[in-house]
Amino acid sequence: MLQKKVRVRFAPSPTGGLHLGGVRTVLYNYLFAKKNGGEFIVRIEDTDQTRFVEGAEQYIFDCLEWCGMVPDESPQQDGDYGPYRQSERKASYRKYAGELIEKGFAYYAFDTPEELEQMRATYKTDNNPSPQYDRHVRMKMKNSLSLTREEVQHLLDQGVGYVVRIKMPENDIISFNDMIHGLVSFEAGLVDDKVLLKADGMPTYHLAVVVDDYLMKITHAFRGEEWLSSAPVHILLWKYLFGLDEMPQWAHLPLIMGPSGKLSKRDGAKYGFPVFAMNWTDPRNNELTEGFKEKGFLPEAFINLLAVLGWNDGSEKEIFSMEELIESFSIDRVHKSGAKFDFEKAKWFNHEWIKLLPVKTYAATIKTILTEKNINITDKDYFTQVLELVKDRCVLLPDFYEQAGYFFKSPEQIDTASILPKWNESKTAFFKEYCDSLFSLPEWNVVAIENSFKELATAKGIKPGELQLPMRIMLVGGKYGPGVFDIANMIGKDTTIQRINKALIDINV
RNA sequence: GCCGCGUUGGUCAAGGGGUUAAGACGCCUCCCUUUCACGGAGGAGUCACGGGUUCGAUUCCCGUACGUGGUACCA
């Protein structure tokens, strides 16, 4: 028996940017392919009209790489079924459109945009706000169904522009089995005669997917639920052109919703969270859309949060690595309904992954962040220890600046306001003496630093607790960071004494 | 309007004829910690509505409502 190869396809949008829903579609493609020993194919749907803007294609592959999803075949990777850019495979579409006309499943339509507009205006009623080009009106329009053979030939000879439309059958129920939704049915007569081939000779998506999927031997096609409504057109095309037996299995993935409706680029700006995988600047207007990467997300967390937005393995497990996802992913546990994106939960995933991963996995990224803030890392071991010490309190990667910066650089400003109200002479005295005892400490470690602190406090008759906050602020500048004595231990004797002395001056002015 | 798809706490969700209807995020209280986190212990909060079917429906069926997508020579 011949084993059918699982091939999945992903067609990124030509407008640039790669949003959450897009990445999740790719992810489910990827997981499904990997799980079933199939291939993960990326095809680019660029057309003459909606041409990719500068850099958009490269951007998509950068995002995929960041997420750890490398295609088996793509425009940049090549494979047995190229080309993988729609713009490079124009020729065959025209041929198939011709075939459809010949068989009587499609027809030429010569209507100008103005005529179409007029038709819509004429038939528009309160009950029918947007009239379709369908069985009700097609005989009243200018096409090869309503005109005589001679008239059509004449128009063709004259080079009058035309499109090719599918002729939707009447009294026909079109149904198919969606991998996620199960049996879905449509009444064919209610669907409009979609344009298959545009006046410029380019195919619309409808023709292109079907032809490409056939030529590229796609067995499973994943796409967003917004395509479900046009599925009957695709099914029909398969039936007419290649036979239903050859048709891939469809999976229409639920949409990812924003606070109001389908998640859009605008939601990000409006509610302050990223919607793209990585920063994307539209070269046409220089508009920047923020990405998860630059916001400070780890790819592991990003993949994880996306995977479980609309899918789970049925257990209580929420944290999944890519390997675990491939292991436990199953298409029948993907939800039917859309899920609202929750940025708070997204941050929680990142927090979990920061705690989970060895710091060396993301040390380089942190180093870059710190360098931008003029903090230079020279001692790698020291850096690693610092990261280890503070990672529990970092949710997004840039948080490491506040949490770790003072290990490398004296605080520029210290929060004297928090200690001044309760300050007095005896505290000044305490810290002066404490510096002395630190100086003569035989060993520099957490226990020694803490003990001498407490002993001196007791001797002075001050509660150690009252002195800890000032000490912290002297060392780090504010009310944050790990245990004070851990910090002192880390930054070393000289620096500790130096910072206390400097702070004492600030406090006593 | 028409067509499609959906509907378990604020959000993500498990479950699927008899359950005290899991768990997570967020929120609140307490413990730990005299910073903030982490960690630990608790708390508030849910099966959209109406009809069936059934001894029994959150679960099955039908309506309604609501949400969402499509209704382009865009994808």
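**Helix crossing and RNA surface in a predicted model**

Helix α16 passes helix α20 in a left-handed crossing, a crossing being left-handed if the near helix is turned anticlockwise from the far one by less than a right angle, and right-handed if clockwise. This is a predicted model, in which local features need pLDDT of at least 70 and side-chain atom pairs count only at pLDDT 80 or more, while totals for chains, interfaces and linings use all residues. Residues are numbered from 1 along each chain as its sequence is written, and chains are lettered from A and ligands numbered from 1 in the order in which they are written.

**Helix pair**
- The axes of α16 (residues 425-439) and α20 (residues 493-507) come within 10 Å and cross at roughly 165°, with axes fitted to C-alpha atoms over the stretch in contact and angles running from 0 to 180 degrees between N-to-C directions.
- That makes α16 roughly antiparallel to α20, a term for angles over 145 degrees.
- The contact (C-beta atoms, placed from the backbone, within 7 Å) involves Thr428, Phe431, Cys435, Leu438 and Phe439 of α16, and Lys493, Thr496, Ile497, Ile500, Asn501 and Leu504 of α20.

**RNA strand B**
- RNA strand B is surrounded by 66 residues, of which the closest are Ala199, Lys262, Ser337, Gly465 and Lys479, where near means that the C-beta atom, placed from the backbone, lies within 6 Å.
- Helix α18 gives the most to this surface, with 5 residues.

**Chain A**
- Chain A has 20 helices and 13 strands, which are DSSP runs (H or I, at least four residues, for helices; E, at least two, for strands) numbered from the N terminus.
- The C-alpha atoms of chain A fill a box of roughly 110 × 55 × 40 Å along the principal axes.

How values were computed
Angles under 35 degrees count as roughly parallel, over 145 as roughly antiparallel, 65 to 115 as roughly perpendicular and the rest as oblique. Two residues are in contact if their C-beta atoms, placed from the backbone, lie within 7 Å.
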